[in-house]
Amino acid sequence: MSVYILGIESSCDDTSAAVFRDETILSNKIANQEVHKEYGGVVPELASRAHQQNIIPVVDKALKEAGVKVADINAVAFTRGPGLMGSLLVGTSFAKGFALANNIPLLDVNHLHAHVLAHFIKEPDQESNHPDFPFLCLLVSGGNSQIVLVKDYMHMEVVGQTIDDAAGEAFDKCAKVMGLPYPGGPWIDKLAKEGNPEAFSFAKPNIKAYDYSFSGLKTSFLYFLRDQVKVNPDFIEENKNDLCASLQSTIVDILLNKLVKAASDLKISQIALAGGVSANSGLRNGLEMLAKKKKWETFIPKFAYTTDNAAMVAITGYYKFLAKEFVTHDTTPFSRVVF
Ligand code: KG4
């Protein structure tokens, strides 16, 4: 018999609900929060308020689009963390209320596991193309940069991670210094296409094993611009494309060098990308080039499943449902990374 799961995501600034029948997606609705744009970053208090406004309409739309009635849902899965506490509380409380009102089980989902398991989302009437276990997943988003060894649906090990900023944060903060809108990652990607990646060189970290660090790069970028602007106030405007291309190529090199090392040491050739930064064209091209050279099989999820979305929460909830890993109503969200 089929299992219907309602997934809820509210860890940061996107309110999302998705309905799944087993591994197949039936709907995935997202309400983005425009309110943060003018502040150049997510304002936690505003995010929680917007989640409160959006959650019921988003769930309603997801159920309607899926053509599924509330009574058909077998379990509700929600993002428990990591994320902003006020935002997580909205999704968690909604999921508890929904589970209680409909007398169905509750499934807690780790947002980072969900990003990884987005690879297993199956589109209706399509063959699914997913990595085989074990695989390595480079999980790069606004809040995280990790290399994850994925042993199966339930067992993952972080083999490397950032010791300070995430890759997305490096993109966004450097973009802000150049006066680009938030989030800056997609802008840098766009402008980089017209620039020379070798025009400027920036500091690359020397960090142990498979770990990352992006704060030195951010500082070196900031100081470089500060010095150049003193000499020529129009420096940024005149060199924007080259700055974006050089910065992007530095971030991509840092990310991929550690991935190559981990894949070679662990002897893994199934390689996946996940998280918002996996939309980056430099990263995608770099990975494809490496795949040819190293004979890797690579997997990049559909764009809609790389940024924050409830589809990845629902598919993770589905596997937890099969494993009967339910949680009780006294479960609380966690804001920090717990893998
Ligand atoms: O996974 P995600 O949607 O959520 C958070 O972790 O918050 O990732 C968002 C991050 C932002 O830092 C954004 O700038 C970055 O992903 N991003 C990109 C691109 N598209 C989104 N970074 C570089 N190039 C892109 N094309």
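Visitor: What makes the contact between the side chains of lysine 64 and aspartate 60 a salt bridge?

Guide: In this predicted model, the side chains of lysine 64 and aspartate 60 meet at 3.0 Å, N to O. The cut-off for a salt bridge is 4 Å between a side-chain nitrogen of Lys or Arg and a carboxyl oxygen of Asp or Glu, so the pair qualifies. Both residues lie in helix α1, four residues apart, about one turn of the helix.

Visitor: Why is lysine 64 called exposed, and what is aspartate 60 called?

Guide: Exposed means over 50% relative accessible area. Lysine 64 has 62%, so the word applies. Aspartate 60 has 39% and is partly exposed, because that class runs between the 20% and 50% limits.

Visitor: How do you know that glutamate 65 and lysine 29 form a salt bridge, and what does the pair tie together?

Guide: Their N to O distance is 2.8 Å, and the limit is 4 Å, so the salt bridge stands. Glutamate 65 lies in helix α1 (residues 44-66) and lysine 29 in strand β3 (residues 24-32), so the pair ties together parts that are 36 residues apart in sequence. Glutamate 65, at 47% relative accessible area, is partly exposed; lysine 29, at 24%, is also partly exposed.

Visitor: Which partner does glutamate 237 have in a salt bridge, and why is that partner called buried?

Guide: The partner is lysine 240, with the closest N and O atoms 3.1 Å apart. Lysine 240 has a relative accessible area of 14%, and buried means under 20%, so lysine 240 is buried. Glutamate 237 is exposed at 57%. Being three residues apart in helix α7, glutamate 237 and lysine 240 are separated by about one helical turn. Elsewhere, salt bridges that share partners join Arg80, Asp108, Lys320 and Glu325 into one network. The structure holds 17 salt bridges.

Visitor: Is glutamine 248 buried or exposed, and what is it in contact with beyond its neighbours in sequence?

Guide: Glutamine 248, found in helix α7 (residues 235-266), has 8% relative accessibility and therefore counts as buried, the limit being 20%. Leaving aside neighbours within four places in sequence, its contacts are Phe171, Ile188, Asp189, Ala192, Asn280, Ser281 and Gly282.

Visitor: What makes strand β9 mostly covered?

Guide: Five of the five residues in β9 (residues 270-274) are buried. Gln270, Ala272 and Ala274 are buried on one side, Ile271 and Leu273 on the other, and both faces are covered.

Visitor: How do you know that β9 pairs with strand β6 and with strand β10?

Guide: Pairing needs at least two bridges. Strand β6 (residues 135-140) and β9 have four, in the parallel sense, and three join β9 to β10 (residues 297-299), also running parallel. Both counts meet the requirement, so both are pairs. Alanine 272 in β9 is the bridge partner of cysteine 137 and stands opposite phenylalanine 299 in β10. With helix α8 (residues 281-294), β9 and β10 make a right-handed β-α-β unit.

Methods. Residues numbered from 1 in each chain as written. Predicted model: local features only at pLDDT ≥ 70, side-chain atom pairs only at ≥ 80, totals over all residues. Heavy atoms only, no water. Helix = DSSP H or I, 4+ residues; strand = E, 2+ residues; numbered from the N terminus. Buried < 20%, exposed > 50% of the residue type's maximum accessible area, 1.4 Å probe, protein only. Contact = heavy atoms within 4.5 Å. Right-handed = clockwise from strand over helix to strand, strands pointing away.
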